[in-house]
Amino acid sequence: MSNTMYNKMWHQTQEALGALLDKEPQKMVEPQRNQVFIFQTLATFYIKYVQIFRNLENVYDQIVHPQKRILIRKVLDGVMGRILELKNEMVELELTEFHYFDDILQDLKLAPQQLDIPIPKYFLKEKLEVIKGREKILAQILADSGIDTSEMVWRRFHQCKKTEKLREEEMIFLGMNPPPLFNEVSATVIQAEKVDRLRNEVQMKHEEDYREALVTIKNDLKLIEGLDIKENLQDQIRHWFIECRNLTGTFPDYPDIEEGGSAVIFSNKTIQQVIEDIIANQEEEEKNEKKKKKKKEKQPKKTKRQKKGTKEKNKEEDEKWKMSPSLFLPAMKEGCNTYKEIWMNKDESWNFSQDFDPELIKEEKRRELESEIRVQVDELMRQELKNLKLAVDREREHPAKVGKKKKKKGKKGKKKEKKTKKDKDLTADRTIESLYKELVEEGLLIQALKVNLSDYIGEYSYLGTTLRQVSIEPMPSLLDVRQLITLYGIWPLGSAAVHEKAPLVKSLLLAGPSGVGKKMLVHAICTETGANLFNLSSSNIAGKYPGKNGLQMMLHAVFKVARQLQPSVVWIEDTEKTFYKKVPNAEKTNEPKRLKRHLPQILKLLKPDDRILIVGTTRRPFDAELQPFCRVYQKIILVPRPDYASRYVLWKQIIERNGGVLTSALNVSCLAKVTDGFTQGHIVKVVKAVLTDQRIRRQIHKPLTAVEFITAITSMDPVYKEEEESFKNWYAKTPLGKKRALAITGGSTEKAKDKGKRKEKKEKKAKKKK
């Protein structure tokens, strides 16, 4: 697709976004009671924003014009933030993390696949050098300290890749596979990669030229126009002095530097408009004085009945649902206005190469230069005003007042400083590099496995809406899980702008049976965002940094490095152990509950500008003390065993990835049906066991059959219905699960809260009696 095509795509997407931004306030202003209508409205906006995001992400990745990219990026981050806000609204409305949009998708004529949320490529592209550098340092530290680069997993992973390559070469040699450049597809792929590489180079070159032009154009303007700007500003301000005295009888007060100086008065205004403002202010003051006199007449007091009536009205209004204010709409609207003003009808026939536009830089730098010169002019004109007042009016200054104000400000500043000094730096004398090295050597900072989120294979839940209509709560599908990982983990970690304003998710719990890919999802979050991975699992910190002071030092070092080199993921595997109801005797020496008291404190200290995510994984959440567990993990995601649709896709893809050939002799549908209850881990194990090098070579004479895989899987234990039910029952006791259950049975959220409080009181009384 050429750059012209992407430009066209951008214009169309901007138009669609503009239309959506016009619609949103109209739909959301009036309070509503009908829950179905509210959800339909929210879901429709959510789906439309996702479509806009998919297009914008594509456009941002492909367009090479540096100034357009700045604007697209601003809008892109705004759209991401708005999607997260709408998601949050839907969760609070439906009291569940998983939503089903089948009917709305049908109305909008969209397939479920179009709801898939991509990960912006810029997350990694813009940090590529930093990530590469960090990986090099990490590998060097591991090599120097003689630590096995990353346990068996790593070796197995690299060995698999090596074996795959050797197998491919062998198949080509035997004539069973065509050489890489044999067919057209490979040539097309190579060409596409080349085009991508060239486009990236052009993007980088244009951005470099643009950055240089920002400096050179500003310097040129300073030389050519600087003096004129200064003189014009002085004339404008002098004119204001004189007009103000003519109209009011006194010279004006000059705005302080803190207030913004003369820019406050002249922001986008001509001198004529400033004079009109002075006259309008005078008239308003006169009107206010007259109103004050009238108000002195007594007003009749409200009767008790009237007061009661207003209270009841307020109560009714509270019951109605109203959309929360958005922090991202202003940025998107501003972006759309900039687009309309500059790009919508711009003639770019001269700019075939899509390099920067010098005229736009001139406008921007002219404004910048003017505000810099204004600061100098303000200093001169303040003095000039003082002299005028002394010479003409003999007006006396009141330095005492000014002094007092400044002193007060100083005190406030000091108070704030004291508050922030609570968190003491225990390693003020050490460099981040030395702390980083220490954490790697202690095994607390580990190398993340290179897995993409797209490697987490699964299918959509096509029965979600149907099941909910008959009051059955469906288990989430694997792609529902994947989407939540993108929304709560990857997006906020990848974009600072999104993390700062979007509903803040500080911690995430992945709960599910063994083998469903919880660990893989943690590694995928790190791979997709270039995040550091810290391992604070109880088994990993056992015996390290002993004692109370040691623990404090360990947590301080981890979170200091995590902040400095953000984004970062702090992973706690088998996190139920940190919150054990009763510690098993065999584990007592490991002190699994070391972090229990500290985790809530750590969460409190995490601010919106700290791109740090705490991720816990557990296969036995029922072993944990529920309340402290749920207090630490803000978002709980149930990771289920794969359903039929996901198993079908998994069998196909994993067999092909391991060198298997799918033929009519292999009934994948039967394979997927028979293996109900088995996880991704089981499927990978079985495929690797069946597809030996010898079996792969014999495929041409003896195609693969389902029986071979079924025979291999019979020796393994599946996830039984009872185990899945125990996860469901446990989730129903979590805060969101409780609310959802109450809402389904017709209770209200408030009742749920009251019940919870009563239960807590009863438990406390029972403990005291004991």
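**Lys437 and Glu441**

I started with Lys437, which forms a salt bridge with Glu441, the closest N and O atoms being 2.8 Å apart. This is a predicted model, so I treat the distances here as computed values. Both residues sit in helix H15 (residues 432-441), four residues apart, about one turn of the helix. That spacing makes sense to me, because an α-helix has 3.6 residues a turn and residues three or four places apart point the same way.

**Other salt bridges**

How many salt bridges are there? I get a count of 34. I picked out Glu334 and Lys74, whose side chains meet in a salt bridge at 2.6 Å, N to O. Glu334 belongs to helix H12 (residues 329-343) and Lys74 to helix H3, so this pair ties together parts that are 260 residues apart in sequence. Glu334 has a relative accessible area of 45%, so I put it down as partly exposed. Lys74, at 32% relative accessibility, also goes down as partly exposed.

Next I checked Arg620 and Asp623, and their side chains meet in a salt bridge of 2.7 Å, N to O. Arg620 is partly exposed with a relative accessible area of 41%, and Asp623 is partly exposed with 23%. I also noted a network: salt bridges with shared partners join Lys218, Lys365, Glu368 and Glu372.

**His99**

Where does His99 lie? I found it in the loop between helix H3 (66-94) and helix H4 (102-107). Is His99 buried or exposed? Its relative accessibility is 8%, and the cut-off for buried is under 20%, so His99 counts as buried.

I then went through its side-chain partners. The side chains of His99 and Lys87 are joined by a polar contact of 3.3 Å. Another polar contact, at 2.9 Å, runs from the His99 side chain to that of Glu94. Leaving out residues up to four places away in sequence, I list Phe39, Lys87, Met90, Val91, Glu94 and Arg468 as what His99 touches.

**Helix H29**

I asked which residues of helix H29 (residues 721-731) are buried, and got Glu724, Phe727, Trp730 and Tyr731. Looking down the axis of H29, I see these buried residues fall within an arc of 125°, so they line one face of the helix. Lys721 and Glu722 are exposed on the other side of H29. What do the buried residues of H29 pack against? I noted strand E2 (507-511), helix H23 (626-632), strand E6 (635-638) and helix H30 (735-744).

**The sheet**

E2 and E6 came up there, and I followed them into the sheet. Six strands form an open sheet with mixed pairing, in the order E1-E3-E4-E5-E2-E6. Strand E1 (445-446) and E6 stand at the edges with a single partner strand each, so one side of each has no neighbour in the sheet. E2 and E6 pair in the parallel sense over four bridges. For Leu509, I found the bridge partner in E6 to be Ile636.

I went looking for a cis peptide bond and found one joining Gln566 and Pro567, with omega about 5°. Pro567 is placed in the loop between helix H21 (547-564) and strand E4 (568-573).

Then I turned to positive phi angles. Asp574 has a positive phi of about 45° although it is not a glycine. I place Asp574 in the loop between E4 and helix H22 (598-605). With a relative accessible area of 18%, Asp574 is buried. Glu591 is not a glycine either, and its phi is positive at about 50°. Glu591 is in the loop between E4 and H22.

**Whole protein**

The secondary structure comes to 31 helices and six strands. Of the 770 residues in the protein, 42% are buried. What share of the contacts with a separation of 6 or more comes from residues 24 or more positions apart? I wrote down 84%. The accessible surface comes to about 45600 Å², and 54% of this belongs to carbon and sulfur atoms.

How values were computed
Residues numbered from 1 in each chain as written. Predicted model: local features only at pLDDT ≥ 70, side-chain atom pairs only at ≥ 80, totals over all residues. Heavy atoms only, no water. Helix = DSSP H or I, 4+ residues; strand = E, 2+ residues; numbered from the N terminus. Buried < 20%, exposed > 50% of the residue type's maximum accessible area, 1.4 Å probe, protein only. Polar contact = N/O pair within 3.5 Å; in protein donor to acceptor, adjacent residues only side chain to side chain. Contact = heavy atoms within 4.5 Å. Arc of directions from axis to C-beta. Salt bridge = Lys/Arg side-chain N within 4 Å of Asp/Glu carboxyl O. Areas by Shrake-Rupley, 256 points an atom, 1.4 Å probe, with all protein chains shown as cover. Pairing = 2+ DSSP bridges.
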